[in-house]
Amino acid sequence: MIISNTSKNRINWIDQVRGFAIFMVVYGHTFPVLEKYIYTFHVPLFFCIAGFFHSKNNSLTITKIRFKQLMIPYFIWSFSLYFLWVFVTRFYGDSANLSLSPVKNLIGVFYAQGGREYMDWGIPLWFLPCIFVVFSIFSLIQKIVSKKIKALVLVLLICTGFLMSYYSKFNYFWSFDIALVALSFYGFGFFFKERLLNLNKKEALWLLLVALIFHSVLYFFNTKVDMYRSVYGNQFVFITSGVFGCLFWLMFFKSFPVFNFLSYLGKNTIVILGSHTRVLTVIKLIILIVGGSAIFNFNEFTKIGISVLQIILMIPIIYLINKYLPLLNGKIKKG
């Protein structure tokens, strides 16, 4: 979701893909009719794009940079949202009826897993520690000289992730089991980046069509998936459907790179990830005050409108953070 090249090396259509994916996160959290479909590709797509920009130089310096880009913003956002939750938001909406423990939710800030019992303040932020774990594991794999052993280790780790989720319902620290599964999409992005970037328009359109066919067919052969909860249904279908979903949307935006506002969103994914649920809370509060009803049974058109409104309301937040606290958006000074 987050890792990218420097601004000088940004690829506009990839930023558009990232922007589209983060909008799907926002929209997906309104429980839309397309929820099952969205979950087949939006998180895999983030891992795939992150793999695109995995450095071939796996030095300690690069690891430190990734930590600053991902984990420092994570902890700042998490503590901010946690204290807001402790003093304000846990007394309203669904949270008020759950009697959730502030201590467990504080543990959740460090553990970054466990559902609403531990992360009621901001579940979407689970992704940041997870992607850092994926980056770290993949960096270690890249140190293996033999390509055959490297491929074997990668496959074994992915299978281990599936086995951990299948035989254990334990929530692992920083989503370690999910990170192992995510290596499939991350590795795909890393190994196929150059080929995908160098496709001409005709080749991209053909690949788009093939990916659409396979992704659409595979959709009907699996149940709803949810990577955060380690729910994959049929593991083989999950992986193949996710890969074809990534290919379809990558080739779509490569072929039609005309959605420039999505590029803006794609450059500000951490801010959107950290703030969109609280912005939704504000919207619901306004609806409650104006409409006098706490029942938020929105139709599909309204859900789309609310998602767009969330993005609009986050634009000032994005502006202020980029101007005064760019670290909260994963932007760090070099050197």
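Me: How many salt bridges does a search of the whole structure find?
Reply: The search finds 7 salt bridges. The structure is a predicted model, in which local features need pLDDT of at least 70 and side-chain atom pairs count only at pLDDT 80 or more, while totals for chains, interfaces and linings use all residues. Residues are numbered from 1 along each chain as its sequence is written, and side-chain values use heavy atoms, with hydrogens and water left out.

Me: What makes the pairing of Arg 10 with Asp 15 a salt bridge?
Reply: The term requires a side-chain nitrogen of Lys or Arg within 4 Å of a carboxyl oxygen of Asp or Glu. In Arg 10 and Asp 15 the closest N and O atoms are 2.8 Å apart, so the pair meets the criterion.

Me: Where do Arg 18 and Asp 15 stand relative to each other in helix H1?
Reply: Their side chains meet in a salt bridge at 2.6 Å, N to O. The two residues are 3 apart in helix H1, which means a separation of about one helical turn. Helices here are DSSP runs (H or I, at least four residues), numbered from the N terminus. Arg 18 has a relative accessible area of 1% and is therefore buried.

Me: Which residues are linked in a network of salt bridges?
Reply: The network links Arg 10, Asp 15 and Arg 18. Asp 15 pairs with Arg 10 and with Arg 18.

Me: Are Arg 229 and Asp 226 buried or partly exposed?
Reply: Arg 229 is partly exposed, because its relative accessible area is 49%. Asp 226, at 11%, counts as buried. The side chains of these residues meet in a salt bridge of 2.8 Å, N to O.

Me: What makes the meeting of the Gln 69 and Arg 66 side chains a polar contact?
Reply: A polar contact is a pair of N or O atoms within 3.5 Å; within protein, one must be able to donate a hydrogen and the other to accept it, and residues adjacent in sequence count only if both atoms are side-chain atoms. The distance between these side chains is 2.8 Å, so it falls within the limit. Gln 69 belongs to helix H3 and is buried, with a relative accessible area of 12%. Neighbours within four places in sequence aside, Gln 69 is in contact (heavy atoms within 4.5 Å) with Ile 270, Gly 330 and Ile 332.

Me: How far apart are the C-alpha atoms of Leu 81 and Arg 278?
Reply: They are separated by 8.4 Å, although the residues are 197 apart along the chain. Arg 278 is also among the contacts of Leu 81 beyond four places in sequence, together with Trp 121, Leu 125 and Gly 274. Leu 81 lies in helix H3 and, at 6% relative accessibility, counts as buried.

Me: What is noted about phi of Ser 175?
Reply: Phi is near 55°, a positive value in a residue other than glycine. Ser 175 is found in the loop between helix H7 (147–167) and helix H8 (176–197), and with 0% relative accessible area it is buried. Ser 230 also has phi near 55°; it is found in the loop between H9 and H10 and, at 18%, counts as buried.

Me: Which residues line the largest cavity?
Reply: They are Thr 40, Leu 218, Tyr 219, Asn 222, Val 225, Val 237, Phe 238, Ser 241 and Gly 242. H10 gives the most to this lining, with 4 residues. About 50 Å³ of space lies in the largest cavity, and the structure has 2 cavities of 30 Å³ or more. A cavity is a set of points, on a 1 Å grid over the protein atoms alone, where a 1.4 Å probe fits but cannot get out; lining residues have an atom within 4 Å of a point. A volume is the space filled by probe spheres set on the points, which are joined across faces, edges and corners.

Terms used. Buried < 20%, exposed > 50% of the residue type's maximum accessible area, 1.4 Å probe, protein only. 1 Å grid on protein atoms, 1.4 Å probe; cavity = no way out; pocket = protein on both sides within 12 Å on 5 of 7 lines; lining within 4 Å.
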